[in-house]
Amino acid sequence: MSTDENGRIRSWTLTPSTPRYVPPAGAVDAHCHVFGPMADFPFSPKAKYLPQDAGPEMLFALRDQLGFARNVIVQASCHGTDNAATLNAIGRSEGRARGVAVVDPAISAEALAALHEGGIRGVRFNFLKRLVDDAPKDKFLELAARLPAGWHVVVYFEADILAELRPFLDAIPVPVVIDHMGRPDVAQGPDGADMQAFRVLLDSRDDIWVKTTCPDRLSAQGEPYDDFVAAVAPLVEAYQDRVLWGTDWPHPNMETRIPDDGGLVDVIPRIAPTAALQHKLLVANPMRLYWPEEVVG
Ligand SMILES: O=C(O)/C=C(\CC(=O)C(=O)O)C(=O)O
């Protein structure tokens, strides 16, 4: 537990290990966040957690230490619908970061165009009650229908509301990316009820992508995350052209079980055991989604 004198929590380690696994050239950390710095980018009055600063310089230093080339920065709920911190980080990345925003569903076309200019390529709809006060499905659908060309929607939910969300997910008219596989109970194993229900969703459309992320959040066992590996490796194999991977740094809310980022990277070759799978997971797939103009053929 790491809380400073102002009640701001630190949910990341200051001494991540350097992983044994070396990602392929051009690897993308497709799920991470920045917090502040608060002096420049204050947190939302509605924030459910108050983190210490975890700004772009820290993110890019970690990217380099872990052997990654690029980041996809996802607006964290503590910044509400003001994407300035995320845009600032993208702007400082020298073209090596893009992002996913959280917006007021009533956002104007001009404001969406400005986000695109700033490197945003999707919007996130967060359904976790502990993180957001409300998630208006009708307004989200109206917004999804008028996103800039090439954008997608990222949806974050927990396994227990998947069935309830199905009509909403089915109606989204652009590609959909699911955060952390919709948080299945990985202790059920690869053929457990949660994974089976999730596969039914993936089988319903071929433009649903999935982040095979967060062993630290999903594993009941903890490191070295054997239960996560057992449940997720078959998913990576089966849906290899639409899986993504990310660190989730700075691990919002993980103040008591702070993961070692190098240890998270060392999970990659266990869920994607061949070089071909690793290249799809870390390079080819995220490049198609976030830097399509650089993809040849
Ligand atoms: O970082 C994640 O993906 C997960 C989060 C935080 C989050 O989504 C947010 O603050 O927006 C969580 O489960 O607390």
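Helix α6 spans residues 193–204, and its 12 residues reach 17 Å from the first C-alpha to the last, close to the 16 Å expected at 1.5 Å a residue (the expected span is 1.5 Å times one less than the number of residues). Helices are DSSP runs of H or I with at least four residues, strands are E runs of at least two, and both are numbered from the N terminus. The model is predicted: local features need pLDDT of at least 70, side-chain atom pairs count only at pLDDT 80 or more, and totals for chains, interfaces and linings use all residues. Residues are numbered from 1 along each chain as its sequence is written, and side-chain values use heavy atoms, with hydrogens and water left out.

Which residues of α6 are buried? They are Met195, Phe198, Leu201 and Leu202, where buried means under 20% relative accessible area and exposed over 50%, with partly exposed in between (1.4 Å probe, protein chains only). Seen down the axis of α6, these buried residues fall within an arc of 115°, so they line one face of the helix; the arc is taken from the directions from the helix axis to the C-beta atoms. On the other side of α6, Ala193 and Asp203 are exposed.

Turning to the cysteines, the structure holds zero disulfides, a disulfide being a pair of cysteine sulfur atoms within 2.5 Å. For Cys32, the nearest cysteine sulfur is that of Cys214, 11 Å away. Cys32 counts as buried because its relative accessibility is 0%, and Cys214 is buried too, with a relative accessible area of 1%.
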